[in-house]
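My notes are set out as numbered points.

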Amino acid sequence: MSDQLRPRASLRTAVVWEVLKDALDRRAEATGRDSLDVLDTGGGTGNFAVPVARLGHRVTVVDPSPNALFALERRAAEAGVADRVRGVQGDILGLFEVADRAGYDAVLCHGVLEYVDDPAEGVRNAVDALRPSGALSLLGAGLGGAVLARALAGHFVEARQALSDPAGRWGEGDPVPRRFTAEQLSELVDAAGVEVGAVHGVRVFADLVPGVLVDTEPGAVEALLALEAAVAELPAFHSVATQLHVLGEKRA
Ligand SMILES: C[S@@+](CC[C@H](N)C(=O)[O-])C[C@H]1O[C@@H](n2cnc3c(N)ncnc32)[C@H](O)[C@@H]1O
């Protein structure tokens, strides 16, 4: 079963997937080409790269992890899209050692900026890889979602620490090196030469609801998915989302 068909997995990816799929459809229509060139920076094991290839697009995944690239290769083969997915070992900060400048109709940068030393350079590289009017899909860890999650777990000091820490970290044990507000991500994207089209809050409730409520109540996953979709575009919920998605178009 593909990830997009697995209800539990789709709680993590559904909002981004719907926005991304629409953006790719619009790009295909605008360029008059059914098969787009897509770059997935930090694409890992192919959570998005493989479904994008299944739409008929050619996807290059750049990721520093050989293990992730190995899993990607196997997953692409299982999905029957091995001929449209190319994995390359590389870093978003040295992107043009392995990828083409201005060579792609769409660039994905999902869950990567948290881990790089210079997020502004990472975004600039992602944008420089785009053709004029190309689509940028950026997903980053949200600051407010982490504050809320720590507070609801009773870790009030850590919640406050995340609020005041310049990188949005709640303490030494925090596995995420950096978090962002919607404004910070939008500013990074704008400064790199991309017009922000939409901002979505991702996993506003999904990580806060006890798993047992979602797994045992009939229809609960579907209802939660519909709720996540309903709040994703409402700015009021951006400040408490676990992740933030920014979709934009490179200025021509
Ligand atoms: C949280 S995973 C996200 C994977 C995938 N983008 C997704 O959304 O499922 C982060 C990925 O970023 C990769 N990564 C970490 N540092 C990176 C860097 N400097 N440049 C490119 N990718 C990086 C990791 O190897 C990992 O595959």
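The points below take the ligand, then the pockets, then the cavity.

1. Basis. This is a predicted model, in which local features need pLDDT of at least 70, side-chain atom pairs count only at pLDDT 80 or more, and totals for chains, interfaces and linings use all residues. Residues are numbered from 1 along each chain as its sequence is written, and side-chain values use heavy atoms, with hydrogens and water left out.

2. Ligand shell. There are 14 residues around the ligand, and Gly42, Asn47, Asp63, Ile92 and His110 come nearest (near: a heavy atom within 4 Å). The shell has five nonpolar, seven polar and two charged residues. Here Ala, Val, Leu, Ile, Met, Phe, Trp, Tyr, Cys and Pro count as nonpolar, Asp, Glu, Lys and Arg as charged, and the others, Gly among them, as polar.

3. Polar contacts (N or O atom pairs within 3.5 Å). Asp63 places a polar side-chain atom 2.6 Å from a ligand oxygen. Alone, the ligand exposes 590 Å², and the protein buries 76% of that (Shrake-Rupley areas, 1.4 Å probe).

4. Largest pocket. The ligand takes up the space of the largest pocket (more than half of its atoms lie within 2 Å of the grid points). A pocket is an open set of points on a 1 Å grid over the protein atoms alone, with protein on both sides within 12 Å along at least five of seven lines; lining residues have an atom within 4 Å of a point. Its volume is about 560 Å³. Of 28 lining residues, Gly42, Gly43, His110, Gly111 and Val112 lie nearest the centre. α1 and β2 (58-63) each give two or more residues to this lining. α1 gives the most, three.

5. Second largest pocket. The volume is about 360 Å³. The lining has 22 residues, with Ala141, Val176, Arg179, Arg203 and Thr242 nearest the centre. Helix α5 (residues 143-152) supplies the largest share, four residues. By class the lining has eleven nonpolar, five polar and six charged residues.

6. Cavity. There is one cavity of 30 Å³ or more (a set of points where a 1.4 Å probe fits but cannot get out). The largest cavity has a volume of about 40 Å³. Its lining includes Ser10, Arg12, Val202, Arg203 and Glu228. α1 (7-31) and α9 (220-232) each supply at least two lining residues; α1 has the largest share, five.

Notes
Polar contact = N/O pair within 3.5 Å; in protein donor to acceptor, adjacent residues only side chain to side chain. Points joined across faces, edges and corners; volume = space filled by probe spheres on them.
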